[in-house]
Amino acid sequence: MLRTGQQYKDSLRDGRRIWINGERVQDVTTHPQFKPLVDIRARIYDLAHEDATRDMMSYEENGERYSIGLKLPYSQADWHAKRRATDVVLEDVGGIVTRVGDETAGEMWSLFDGQDILNEVDPRFSVNIRNHIQQVIKTDPFHVSANTDPKGDRSKRPQDQDPDMLLHVVRETDAGIVVRGAKYETAAAYANQAFTKPTIANWGDSALSEYAVGFICDFSSPNLRFICRTGFTGRAPAEDYPLSNRFDEVDALVIYDDVLIPWENVLFYQHTRAATFIRATLHRYSAFAFVQRNLKLADMMIGAALWNVRQTGLEKQQAVQEKLATLACYREGINAHLTAAIAMAEESPGGLTMPNQSLLMTGRVHACSQLHHMMHLARELCGGQICVTPDAASFRDTEAGPWLKKFYTLNENWDSDDRRKLLAFARDLLNSDYAGHRLTFQLFAQSPPFAHLGAVYRNFDWDDALRFTKKSAGLSDRVLN
């Protein structure tokens, strides 16, 4: 059944051990650095219950309602519904959040497609995958993923250094496997569970490895610790940093200190072939939601830049229009890839409908590889005032305020208050430490840039270009060999 926002918050009060800034967190739902995102996640749950948004956020089956974001996709209509649901969330909260549960549930669908390979390893793993996908649909948890290990010395195999640098199985028991190591994961401290999977690693030529393991981890499990990076929330007034105070998704190093994973939660284990397959196909669904977030980020950059040039009277200049048009091309390039990926959707090996893989993966490269260029263009259009404008408190000061009102008021349409708000928004979007963090996150959150290109290489149809060139150049059939 669909949960409410309050039920989600109550589920987090499970005694989990969380640290931030050297402080043990007593209640993650009320701690000031976590509360904004916990409230947004709770708001997403509540949207599925409200009359205005219920049918866009959920669907009915056998008299029960379930989350559209968690639904297995069997048609293009399912993907249109998922895209619409994400837009509803981002419009409602007024910003961008990446870890809301839908994109990481998509990684489970890649396991659904790999059941034949996993059945060759152990048939019960296939059963576990189907059970967990249905369990996620039925119980509506906040589901994330745990992907990146500390890695250690990457010139060495994991077996040739501190073995805990990559998460691994230390022993088997009748109840399940016991794992040790660590994973970085965004939003782990306020999520319910994670699909924990192997990082990209050199397992050597061995068919079996204790590092080749994937499982569902209940984040209320004993022997887990969440050590979080310093958040941006509360470091400076929200009036001056409106995005970082509302939308900072706190990342954590999740420590697995001999954590028991029940056998029914193990999705694959030991066989490097299975782990390699999963790594190669992991984002065939989840990349869609990830790229869609970039579309809203492009809208925010265009909006900040366009409002700025309009209020300063520069919109008619050709050089300004060229920069705005470049931003528009970036935005519409993302939109085109998402739209076409659904329009040319493919049947997956497991019988699901997956976005066209070549178009989706090239769309991800376009969205991520050009982001820093687009941020720079937007920064140019916003101008140097985003880095020199005083804070909101100075605008309210009885002596300094009148001077700021004089020099920041342009006309009857743009007074000093609206100008300050626009410049503060643009600064937090483009220039702050939060902006830099988000840029790096977009580059690496779904694997590093070279892996993005690797996914394009694996999914692009090279044969048609070879066929046409062979015909055009008059090559003989010998070249086919």
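This is a guided tour of the model, stop by stop, with a selection for each.

The model is predicted: local features need pLDDT of at least 70, side-chain atom pairs count only at pLDDT 80 or more, and totals for chains, interfaces and linings use all residues. Residues are numbered from 1 along each chain as its sequence is written, and side-chain values use heavy atoms, with hydrogens and water left out.

**Stop 1: the six-stranded sheet**

Show strands in cartoon. Helices (H or I, at least four residues) and strands (E, at least two) are DSSP runs, numbered from the N terminus. Find the open sheet of 6 strands in the order β2-β1-β10-β11-β7-β6. Its pairing is mixed; two strands pair if DSSP finds at least two bridges between them. The edges are β2 (23-25) and β6 (168-172), each pairing on one side only. From one strand to the next, the twist averages 20 degrees. Angles run from 0 to 180 degrees between N-to-C directions, and axes are lines fitted to C-alpha atoms, for helices over the stretch in contact.

Strands of a sheet pair through backbone hydrogen bonds, either parallel or antiparallel. Walk across the pairs:

- Select 176-186 and 251-262. These are β7 and β11, antiparallel, joined by 11 bridges. Tyr184 stands opposite Leu253 of β11.
- Leu224 has Tyr256 in β11 as its bridge partner.
- Look for Trp19 and its bridge partner in β10, Ile227.

**Stop 2: the largest nonpolar core**

Select Phe34, Tyr190, Phe219 and Tyr256. They have the most contacts inside the largest nonpolar core, which has 128 residues. Such a core is a set of buried Ala, Val, Leu, Ile, Met, Phe, Trp, Tyr and Cys residues joined through side-chain atoms within 4.5 Å. Buried means under 20% relative accessible area, exposed over 50%, partly exposed in between (1.4 Å probe, protein chains only). Helix α9 (residues 286-311) gives the most to this core, with 12 residues.

Centre on Phe34. What does Phe34 touch, not counting residues up to four places away in sequence? The list is Ile18, Ile20, Val25, Val28, Ala189, Tyr190, Cys228 and Val250. Contact means heavy atoms within 4.5 Å.

**Stop 3**

Select 208-218 for β9. It runs antiparallel to β12, and 4 bridges join the two. Phe215 has Val266 of β12 as its bridge partner.

**Stop 3: α10 against α12**

Select 318-343 and 371-382. The axes of α10 and α12 come within 10 Å and cross at roughly 150 degrees. The crossing is left-handed, that is, the near helix is turned anticlockwise from the far one by less than a right angle; clockwise would be right-handed.

Show side chains. From α10, pick Val320, Lys323, Leu324, Thr326, Leu327 and Tyr330; from α12, Leu371, Met374, Leu377, Ala378, Glu380 and Leu381. The contact residues divide into 9 nonpolar, 1 polar and 2 charged. Ala, Val, Leu, Ile, Met, Phe, Trp, Tyr, Cys and Pro count as nonpolar, Asp, Glu, Lys and Arg as charged, and the others, Gly among them, as polar.

**Stop 5**

Leu338 counts as buried because its relative accessibility is 1%. Leaving aside neighbours within four places in sequence, Leu338 contacts Arg83, Phe288, Val291, Gln292 and Leu295. Check a distance: the C-alpha atoms of Leu338 and Arg83 are separated by 9.2 Å, at 255 residues apart along the chain.

Move along α10 to Ala341. Its relative accessibility is 0%, so Ala341 counts as buried. Beyond neighbours within four places in sequence, Ala341 is in contact with Pro355, Asn356, Leu359 and Leu360.

Finish at Ala426, in helix α15 (residues 416-430). At 1% relative accessibility, Ala426 also counts as buried. Ala426 touches Ala304, Cys382, Ile386 and Asn431, not counting residues up to four places away in sequence. Its C-alpha atom is separated by 8.0 Å from that of Ala305, 121 residues apart along the chain.
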